[in-house]
Amino acid sequence: MELEKTVELGLLLDTYGSLLTERMKDILTMYVCENLSLQEIGEYFKISKPAVLDAIKTSSKKLEFFESKIKMLSLKKSLETLIDKNSVNKENLQKLIEKY
């Protein structure tokens, strides 16, 4: 997985991970945050590599779905951009609120 996608998935996991089952969250955490291989994760959970890959894909899609509906990560990134540009004022915050 390319670095940019891994970072994005990690951010989604931090934001919405509590909405996944414990097992899905654990598998994704091992893959994204701990950089374990499919083989290592499969051995830990006593499941096949294809089952691990399926769990990763399913979990990732769920996290992306949550973001598409809730948009918490997008809002956070927008706020960070405003702060970085020292553009935090009532007008800019109001525009941001209206956007979401």
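**Exercise 1. Determine which residues S59 touches, not counting residues up to four places away in sequence, and whether S59 is buried or exposed.**

Step 1. S59 touches L20, M24 and L28 under this sequence exclusion, where contact means heavy atoms within 4.5 Å. The model is predicted: local features need pLDDT of at least 70, side-chain atom pairs count only at pLDDT 80 or more, and totals for chains, interfaces and linings use all residues. Residues are numbered from 1 along each chain as its sequence is written, and side-chain values use heavy atoms, with hydrogens and water left out.

Step 2. S59 is found in helix α4; helices are DSSP runs of H or I with at least four residues, numbered from the N terminus.

Step 3. The relative accessible area of S59 is 0%, so S59 is buried. The classes are buried under 20% relative accessible area, exposed over 50% and partly exposed in between, with a 1.4 Å probe and protein chains only.

Step 4. A polar atom of the S59 side chain lies 2.7 Å from the backbone oxygen of A55.

**Exercise 2. State which members of the largest nonpolar core touch the most other members, and which residues L20 touches beyond four places in sequence.**

Step 1. A nonpolar core is a set of buried Ala, Val, Leu, Ile, Met, Phe, Trp, Tyr and Cys residues joined through side-chain atoms within 4.5 Å. The largest one has 18 residues, of which L20, I27, L28, I41 and L63 touch the most other members. The elements that give two or more residues to this core are α1, α2 (22–32), α3 (38–45) and α4.

Step 2. With residues up to four places away in sequence not counted, L20 touches L13, K25, L28, S59, K62, L63 and F66.

Step 3. In α2, the buried residues are M24, I27, L28, M30 and V32. Their cover includes α1, α3 and α4. In soluble globular proteins, nonpolar side chains tend to be buried together.

**Exercise 3. Identify what lines the largest pocket and which element gives the largest share of its lining.**

Step 1. On a 1 Å grid over the protein atoms alone, a pocket is an open set of points where a 1.4 Å probe fits, with protein on both sides within 12 Å along at least five of seven lines; lining residues have an atom within 4 Å of a point. The largest pocket has a volume of about 170 Å³, the volume being the space filled by probe spheres set on the points, which are joined across faces, edges and corners.

Step 2. The lining consists of M1, E4, K5, E8, L9, L12, S60, K61 and E64. Two or more of these residues come from each of α1 (3–16) and α4 (49–70), and α1 gives the largest share, five residues.

Step 3. By class, three lining residues are nonpolar, one is polar and five are charged.

**Exercise 4. Locate N35 and K46, and describe the contacts of L38 beyond four places in sequence.**

Step 1. N35 lies in the loop between α2 and α3, and its phi is near 60°, a positive value in a residue other than glycine. At 65% relative accessibility, N35 is exposed.

Step 2. K46 lies in the loop between α3 and α4; its phi is also near 60°. K46 is exposed, at 73% relative accessible area.

Step 3. L38, in helix α3, is partly exposed at 23%. Leaving aside neighbours within four places in sequence, L38 is in contact with Y31, K49, V52, L53 and I56.

Conventions:
Nonpolar A, V, L, I, M, F, W, Y, C, P; charged D, E, K, R; others polar. Polar contact = N/O pair within 3.5 Å; in protein donor to acceptor, adjacent residues only side chain to side chain.
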